[in-house]
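Hi,

Here is the structure I said I would pass on.

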Amino acid sequence: MKRYHRIAVIPGDGIGTEVISEGVKCLKALSEIMEDLRFEFQYFPWGSEFYLNNGRMMPEDGLEILKGFDAIYLGAVGDPRIPDDVTLHGLLLPIKMGFDLYVGLRPVYLFPGVKSPLSGYSGGEIDIVVIRENTEGEYSNVGGIVGIDERNLAIQGALFTRKGIERIITFAFEYAKENGRRKVTSVTKSNAQRYGMVLWDRVFREVASRFPEIQIESKLIDAACMDVVRNPKGYDVIVGSNLFADILSDLTASVIGGLGLAPGASFNPRDRRYPGFFDPVHGSAPDIAGKGLANPIAAILTAKMMLDYLGEKEAADLLYRAVKKNLSEKKVRTIDLGGRSRTDEVGNDIVRILRSL
Ligand code: NAD
Ligand code: IPM
Ligand code: MN
């Protein structure tokens, strides 16, 4: 196994920079604890500040620069001074789409020691993996705005290909099978979205027939949103289009204690030619940025997912155990979890636990 990993670090904007420091801190601690584990971190100051200075979110050859790395670790992008479609279409989305990282993996777990906003659930009782299609669907950039004044017209297309649908749904079933999960729920809105989502439903049934051991369920997105809150235990693996799984992943984060605990990974399981991309589900959180209030655990769990992707299972497990212990001790935690600690204090505590394991 390759034990030397080249990581491109893009802290980005807002709390992105604060949480990524803590993730890198944990990775550095792991490489001190595990002698033959080595990382090379190369930092890229891309994002909104870069945009204000250069008129672009990343250099023109940004993807060329990134493609030689083993993984990309990003905090978040988004700045109130710049329209969000400019920031996201200038950095985050071109990476996922340009490198064909079609799987978005967004697990949530109610850790012992964390209180769900839903009453009656204790640690371990909510455990859901949202699998998001990352390269097409509603994010395909098909359309445009034309005309002026009252003749202004916008068309926003959603692109669904059989190949794109088939590969993400197949991944969801394979993931369920390999990880001892029993059920896959597909989420669409095929009562109103008559073409792309009807095709999605059809392909879901076809793929499901190859996995008779996995229980299946097809739900409309509106009902799914209601039901995830009403009965989160009823969900195991959820697969959905780019937009629906994006929205659902904030909702599932919320039921396990918030965005501060929800990690994310984007990768291509069939082709490792390009680096995987790792960023927490949350954004740059301008409302709390620069104050040391952000919970770094989502970013630290994202680093854990990056370790899994890099084949560093032992390091990933150690980091996971350290996070679990920090949460169960309930001592050093940020304000979103009812604590008073700062972002870096949580990172330091997880490093302390790592050294004691
Ligand atoms: P957000 O995820 O940044 O914040 C939503 C709420 O959750 C805020 O109240 C915030 O304070 C809180 N929150 C988020 N992460 C937290 C953490 N780690 N600890 C504690 N609290 C946390 O969503 P938003 O406000 O809709 O978006 C802000 C900006 O981020 C926008 O520009 C948006 O486009 C961008 N965004 C970027 C990404 C990304 O880069 N991956 C993801 C989502 C949103
Ligand atoms: C996410 C974000 C992005 C997305 C936005 C900011 C474009 O919400 O990573 O969840 O929808 O992909
Ligand atoms: Mn999102």
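Below is what I found, starting with how to read the model.

This is a predicted model, so local features need pLDDT of at least 70 and side-chain atom pairs count only at pLDDT 80 or more, while totals for chains, interfaces and linings use all residues. Residues are numbered from 1 along each chain as its sequence is written, chains are lettered from A and ligands numbered from 1 in the order in which they are written, and side-chain values use heavy atoms, leaving out hydrogens and water.

After α9 comes Gly 311, with a positive phi near 85 degrees.

Ile 297 sits in α9 and is buried, at a relative accessible area of 1%. Leaving aside neighbours within four places in sequence, Ile 297 is in contact (heavy atoms within 4.5 Å) with Gly 260, Leu 261, Val 323, Asn 326, Leu 327, Val 346 and Ile 350. The C-alpha atoms of Ile 297 and Val 19 are 7.9 Å apart, although 278 residues separate the two along the chain.

The other thing to look at is a helix pair. Helices α5 (residues 162-178) and α6 (residues 196-208) pack at about 45 degrees, their axes 9 Å apart (axes are lines fitted to C-alpha atoms over the stretch in contact, with angles from 0 to 180 degrees between N-to-C directions). Among the residues making the contact are Phe 173 of α5 and Trp 200 of α6.

Cheers

Key. Helix = DSSP H or I, 4+ residues; strand = E, 2+ residues; numbered from the N terminus. Buried < 20%, exposed > 50% of the residue type's maximum accessible area, 1.4 Å probe, protein only.
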